[in-house]
Amino acid sequence: MKNFLTLVLGAASGALVAAGIALHAAALPDCDPDNGGITLPRGFCALVVADGVGPARHLAIAPNGDAYVALLDDGPADPGGVAALRDANGDGRFDTKEKFGDKSVTGIALRNGYLYIATPTSVLRYKMTAGQLVPSGRPETVVHLPEQRQHEDKGIAFDGKGSLYVNVGAPSNACAVPDWQPNAKGQDPCSLLNEHGGIWKFDENTLGQKQTPAGRFATGLRQMPAIAWHDDALYIVMNNRDALDTLYKDRFVPQDNIERPAEPMYRATRGENFGWPYCFWDYKQKQYLLNPEYGGDGKAVGRCTMFSAPVAAFPPHWAPVDVMFYTGTQFPEKYRNGAFIAFHGSWNRSPMPQDGYNVTFQPFANGKPSSAFEVFADGFAGKSPLMQPNEAVTRADGVAQGPDGSLFIADSERGKIWRVIYRGQS
């Protein structure tokens, strides 16, 4: 009798699951005729689910579909904080918006009943109440971070074991003294690495923490708010050095600046060093080379053999700002456990057009990149060629997975939020 009931209940459960999947698929909203101005691979479409949110950075999607968008402090009219969005009428678009907080925010995540946000000088958390869109209390300070005026944006990641990871960018191009001056030499060793240029690890549940040497998880990184925990390691996509040709005209030409200093993707475990400021990963030669601040001429390798190599690399100056690994089932199997990367776009590819205003997909298999990257969502810039970055219509700054496996993309120029859906080949 027990076995018979098990079979009956199992069959009924399977039918309900199948029906739920069918109902879920039917409940997907209609996409915009033009996908909200972006282009996508065949079988995908998009709709703008919010507009005018503010200068958006990263975003987090709650299990009930509410969205929390980190906002950049962009002056008195846009003082930062968080935009909380809800689809109250069930039409697939956010129609309720509430803002809270008054600091510039980049990293944001929902974790164990808290909303964590990363400002340039801290990681804060708000206690969330089930059913409420915004928190009612004041935030707690989890981490205090050093003040800086360059590369101050912070990303956050959790390992699921009680630890929080925060990037602390280096306020410099390549640790030259003076910084950003022609033919300047690099400080050796670079003292900025004591408190910057790395990833620090903290306890996610302890308040009032500060940086310590023991808490430094990885070093040798320039700027990297694009961080995510996956496959028992921290993945980082870094903004590489700028101005090879304008600062070191005797050794580099504009084409070198345009084509060579790759935006690398690293798989980091504790104690690794990725070579900044001494070296840069050459996109053409696929190896580390000495930076000119340390005697490099575009050929010399020197000390660069001692540093951990990237697992993937992307074109120079694309400016990665967020990364997430896809774990949903709505998209085809090829996307499972692969990385979506939001690229903000270049500013210094002159005299060539600017580039990299996109969301790129990096396939993974068995824990490693399995093939070349592909541009997944494009057209954010709104014009081609784009010669000046301030003429870009939109710029991708955040990527997040929804509870149904949809992909959400945030824009920092117009405050747009897209929802990308897979509808299958037709």
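# Notebook: loops, sheets and pockets

**Entry 1, a proline to begin with.** I looked up Pro277 and found its place in the loop between β19 (272-273) and β20. A cis peptide bond joins Trp276 to Pro277, with omega at about 5°.

I am reading a predicted model, in which local features need pLDDT of at least 70 and side-chain atom pairs count only at pLDDT 80 or more, while totals for chains, interfaces and linings use all residues. Residues are numbered from 1 along each chain as its sequence is written, and side-chain values use heavy atoms, with hydrogens and water left out.

How high is the mean pLDDT of the protein? It is 93, and 94% of the residues reach 70 or more. pLDDT is the predictor's confidence in each residue, on a scale from 0 to 100. I noted one stretch to read with care: over residues 1-26 pLDDT stays under 50, and the model has 1 contact beyond four places in sequence for them. A contact here means heavy atoms within 4.5 Å.

My next stop was the loop between β24 (339-343) and β25 (358-362), where Pro351 lies. The peptide bond from Ser350 to Pro351 is cis, with omega near 10°. I then turned to His151, in the loop between β9 (140-144) and β10. His151 is a residue other than glycine with a positive phi, near 60°.

Strands β20 (residues 279-282) and β21 (residues 287-290) pair in the antiparallel sense over 4 bridges. I count two strands as paired if DSSP finds at least two bridges between them. Cys279 stands opposite Leu290 in β21. The hairpin has 4 residues between its strands, and Lys286 takes a positive phi near 55° there.

As background, strands of a sheet pair through backbone hydrogen bonds, either parallel or antiparallel. I traced an open sheet of 4 strands in the order β2-β3-β4-β5, with antiparallel pairing. Why is one side of β2 and of β5 (96-100) left without a neighbour in the sheet? Both stand at the edges with a single partner strand each, so one side of each has no neighbour there. The twist averages 20° from one strand to the next; axes are lines fitted to C-alpha atoms (for helices, over the stretch in contact), and angles run from 0 to 180 degrees between N-to-C directions. I also checked β4 (residues 79-86), which pairs with β5 over 5 bridges in the antiparallel sense. Thr96 in β5 is the bridge partner of Arg86.

β29 and β30 (residues 407-411) share 5 bridges in the antiparallel sense, and Gln401 has Leu407 of β30 as its bridge partner.

Of its 31 lining residues, Ile108, Ala109, Leu110, Met324 and Gln401 are the closest to the centre. On a 1 Å grid over the protein atoms alone, a pocket is an open set of points with protein on both sides within 12 Å along at least five of seven lines, whereas a cavity is a set where a 1.4 Å probe fits but cannot get out; lining residues have an atom within 4 Å of a point. By class, the lining has 21 nonpolar, 7 polar and 3 charged residues. Nonpolar covers Ala, Val, Leu, Ile, Met, Phe, Trp, Tyr, Cys and Pro, charged covers Asp, Glu, Lys and Arg, and the others, Gly among them, count as polar.

Among the 28 residues lining it, the closest to the centre are Asn239, Ala319, Val321, His344 and Trp347. β16 and β23 are the elements that give two or more residues to this lining. I noted its classes as 9 nonpolar, 9 polar and 10 charged.
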